[in-house]
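This report describes selected geometric and surface features of one protein structure. Please consult the sequence and the coordinates alongside the text.

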Amino acid sequence: MVAMVAAILGFSLVWQIFVFLIASAVLIYFTRPFFNQKLKVGAEKTNIDSLIGEMGIVTEDIRPYETGLVKVLGQVWTAKSVDNQLIARHSKVTIIKIEGVKVIVEPLAD
């Protein structure tokens, strides 16, 4: 619409293209946050969030700076220690957060 107004006012084709590009950039800049909020882009909740705070049992040692396995609610997950410490097999742990397909755990105090 802005480029059309520029054409009606007698601007050259180069100026019409320039006006179009500037108007497009400004409109995208100001409308993008509105549509991201309304469409809730990237904010989809899944059932995986329910694992946070759950108790699990280590089925394979979690070694410093390596992964192990933890069984949580009947499912086995790849796990890392929150502070990169050794967590032995059969230890009880709490799920702190989830990063991709790994759960981040901390040992439960016995």
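The text below treats a helix, a surface patch and the salt bridges in turn.

The model is predicted, so local features need pLDDT of at least 70 and side-chain atom pairs count only at pLDDT 80 or more, whereas totals for chains, interfaces and linings use all residues. Residues are numbered from 1 along each chain as its sequence is written, and side-chain values use heavy atoms, with hydrogens and water left out.

**Helix H2**

Helix H2 covers residues 13-39; helices here are DSSP runs of H or I with at least four residues, numbered from the N terminus. The 27 residues of H2 should span 39 Å at 1.5 Å a residue, and the 36 Å between its end C-alpha atoms agrees with this. The expected span is 1.5 Å times one less than the number of residues. At Thr 31, H2 bends by about 35°, and Pro 33 follows within four residues. This bend is the angle between axes fitted to the seven residues ending at a position and the seven starting there. Just after H2, Lys 40 takes a positive phi of about 55°.

Ile 28 also lies in H2. Its relative accessibility is 55%, so Ile 28 counts as exposed; the classes are buried (under 20% relative accessible area), exposed (over 50%) and partly exposed in between, with a 1.4 Å probe and protein chains only. Ile 28 and Ile 57 are 29 residues apart in sequence, and their C-alpha atoms are 49 Å apart in space.

**Nonpolar patch**

A nonpolar surface patch of about 1000 Å² includes Val 5, Phe 11, Trp 15 and Phe 30 among its members. Patch residues have over 30% relative accessible area and no salt bridge, and nonpolar side chains (Val, Leu, Ile, Met, Phe, Trp, Tyr) are joined within 5 Å. Accessible areas come from the Shrake-Rupley method with a 1.4 Å probe. H2 supplies the largest share of the patch, six residues. Phe 11 lies in the loop between helix H1 (2-8) and H2, and is partly exposed because its relative accessible area is 41%.

**Salt bridges**

Side chains of opposite charge can pair when their charged atoms come close. How many salt bridges does a search of the whole structure find? The search finds two, a salt bridge being a side-chain nitrogen of Lys or Arg within 4 Å of a carboxyl oxygen of Asp or Glu.

| Salt bridge | Closest N and O atoms |
|---|---|
| Arg 63 and Asp 61 | 3.9 Å apart |
| Glu 99 and Lys 97 | 3.2 Å apart |

Arg 63 is partly exposed at 43% relative accessibility, as is Asp 61 at 25%. Glu 99 counts as partly exposed at 42%, and Lys 97 at 38%.

Conventions. Patch = residues over 30% accessible without salt bridge, like charges linked within 9 Å, V, L, I, M, F, W, Y side chains within 5 Å. Helix = DSSP H or I, 4+ residues; strand = E, 2+ residues; numbered from the N terminus.
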